[in-house]
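Dear colleague,

I am passing on the structure we spoke about, so that you have it open while you read my notes. Please look through it first; what I found follows below.

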Amino acid sequence: MDTAPDRRREALARAAALFDDGTLKARLGALVEIPSTAQEPGFEAHLTRYLEQGIQPWLEGMGFTCAIHPNPMEGFGPIMIATRIEDAARPTILLYGHGDTVRGLDEQWSEGLAPWRLTEREGRWYGRGTADNKGQHLINLLALEAVLAARAGRLGFNVKLVLEMAEERGSAGLREFVAAHAAELKADALIASDGPRVAPAVPTIATGTRGIFRFDLALKLRAGGVHSGHWGGLTTDPAVVLAHAIGSMVDRNGKILVRDLLPLNGVPAEVRGVLDGCEVEAGGDAATIDANWGEPGLTAAEKIYGWNSLIVLAMVSGRPENPVNAVAPDARAALHIRYTVDTDPHTFEAAIRRHLDAQGFPEVRIENAGVGMRASRTPPNHPWVRWAAESMERSLGKRVQIIPNSSGGLPGDVFVDHLGVPLAWVPHSYGGCQQHGPDEHLLPGPAREGLIAFAGMWFDLGEMPGTSPAN
């Protein structure tokens with residue numbers, strides 16, 4: 001007798017087979033070969049090609065209706081909506097992904113590796129987009145394919161997909177697009193994948209993301225450089241002043257000294273509770289996790305998932321690549337703050353200005369300040385989050401770590417603001433994947449687990465009695 005548990009086991013087995021027989025690797029290789037970088041001129045046609053050739057025919061074969069729309073903001077990549085509606089009374093899940101990537105950085109990859117070719121080496125799959133985000137949305141869609149096969153062509157729920165091609169340029173136009181298509185995109189929850197697990201072997205659910213506040217600090221004192229012998233020690237060096245200004249904002253060990261940039265009441269109790277026992281691993285060739293860096297008294301997980309960070313992205317004074325014997329005329333630094341929903345980024349610029357003035361740096365200007373991506377968070381104990389964790393644990397036979405928000409930025413706020421959906425981000429990558437640098441890669445182990453976990457969730461949605469796990 002064919003029972004639901006039997007069909008669930010079949011769905012999971014089919015998902016695992018899509019990894020074991022090489023299907024996932026082959027399809028990912030074909031997507032990686034499309035050089036869909038959104039950060040370099042001359043590649044614009046590949047952004048559309050990714051959707052039209054790489055994704056649309058496959059989705060239509062699974063019964064989706066697809067439409068590729070121009071971005072509401074001129075000069076940015078298109079956005080696809082794909083829908084598969086079986087029964088409006090059944091649950092509807094919103095999937096999200098982005099097919100654009102950062103620049104290839106071709107010349108910086110290790111010997112024998114290239115950004116637009118999938119290469120397997122020492123247990124890693126190398127190629128631009130393998131981790132961010134081609135491999136991640138491919139895994140989720142392949143899992144749908146496995147469940148369709150196990151259920152004889154039906155899912156038992158509805159799927160809507162938003163696939164954008166400008167995420168690596170701050171998801172420009174996505175907010176306006178989702179607002180304009182809100183009725184069409186109405187769903188019960190967003191379940192999608194991006195970002196890293198807390199550790200390569202630990203299945204993870206993030207219920208939001210930290211936001212990004214960008215700003216420059218600049219100091220210009222004269223029209224041009226002046227002789228370092230004649231003027232050194234007499235005229236103010238802007239690089240020294242700017243270095244001290246930054247040093248007044250964050251100490252030698254990474255503690256933020258501008259306390260108005262931090263959560264007013266510390267790490268919230270529900271965030272601290274869900275992170276209790278959470279161990280963060282860098283993995284691979286990623287940067288070290290330095291115990292003495294950052295806010296004293298917080299665990300590594302609390303620092304990265306429940307707190308704000310201040311980062312100097314770049315600093316320049318003079319011409320470091322070809323210095324001359326001169327006191328430079330100016331200095332500039334680009335910084336950003338990764339912040340949680342527990343702080344208001346609209347207060348940051350005024351707080352920085354007050355601090356600089358109080359510390360004796362009124363001449364240091366704040367320029368280009370603004371929110372790059374907004375923070376978002378669904379309560380970690382939300383019914384949809386608990387349901388997703390229970391389904392994954394049932395499929396994988398191991399504990400799932402819930403975190404209140406991923407450490408990076410994603411446009412989850414767009415879907416919360418305009419669709420009112422709870423968020424469950426289920427990453428398939430890890431912190432050492434080198435996603436924005438050379439040698440980006442995906443680990444096969446988490447990828448296989450991701451296929452199985454999503455096949456289980458997709459199957460369980462078809463068994464759900466109502467449109468909410470609370471029913």
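For the helix packing described here, the axes are lines fitted to C-alpha atoms over the stretch in contact, and the angles run from 0 to 180 degrees between N-to-C directions. Please keep in mind throughout that this is a predicted model.

With that convention, the axes of helix H1 (residues 4-20) and helix H13 (residues 444-463) come within 9 Å and cross at roughly 150 degrees. Since angles over 145 degrees count as roughly antiparallel, H1 and H13 are therefore roughly antiparallel to each other, and their crossing is right-handed. The residues of H1 that take part include Arg7, Leu12 and Phe19, which face a set in H13 that includes Leu451, Ile452 and Phe459.

H13 also packs against helix H11 (residues 383-396), where the two axes come within 8 Å and cross at roughly 120 degrees. That angle makes H11 oblique to H13, and the crossing is again right-handed. Among the H11 residues in this contact are Trp384, Trp387 and Met392, while the H13 side includes Ile452, Gly456 and Met457.

On the level of domains, the assignment gives domain 1 (4-209 + 375-463) and domain 2 (211-277 + 291-373), whose centres, taken over C-alpha atoms, are separated by 34 Å. Across the boundary, 21 residues of domain 1 are in contact with 15 residues of domain 2.

The largest nonpolar core holds 129 residues, and those touching the most other members are Leu59, Leu144, Ile205, Phe215, Leu217, Phe415 and Trp458. Both domain 1 and domain 2 give residues to this core, so it lies between them. Leaving aside neighbours within four places in sequence, Phe215 is in contact with a group of residues that includes Met249, Leu310, Ile337, Ile352 and Ile366.

Most residues other than glycine have a negative phi, and most peptide bonds are trans. The bond from Asp132 to Asn133, however, is cis, with omega near 5 degrees, and Asn133 is found in the loop between strand S5 (124-126) and helix H4 (134-150). Ser171, in the loop between strand S6 (158-164) and helix H5 (174-180), has a positive phi near 55 degrees, and at 8% relative accessibility Ser171 counts as buried. Asp439, in the loop between strands S18 (423-425) and S19 (441-442), has a positive phi near 65 degrees and counts as buried at 12% relative accessibility.

With best regards

Notes
Residues are numbered from 1 along each chain as its sequence is written. This is a predicted model: local features need pLDDT of at least 70, side-chain atom pairs count only at pLDDT 80 or more; totals for chains, interfaces and linings use all residues. Side-chain values use heavy atoms; hydrogens and water are left out. A nonpolar core is a set of buried Ala, Val, Leu, Ile, Met, Phe, Trp, Tyr and Cys residues joined through side-chain atoms within 4.5 Å. Buried means under 20% relative accessible area, exposed over 50%, partly exposed in between (1.4 Å probe, protein chains only). Domain bounds come from an automatic or database domain assignment. Contact means heavy atoms within 4.5 Å. Helices (H or I, at least four residues) and strands (E, at least two) are DSSP runs, numbered from the N terminus. Angles under 35 degrees count as roughly parallel, over 145 as roughly antiparallel, 65 to 115 as roughly perpendicular and the rest as oblique. A crossing is left-handed if the near helix is turned anticlockwise from the far one by less than a right angle, and right-handed if clockwise.
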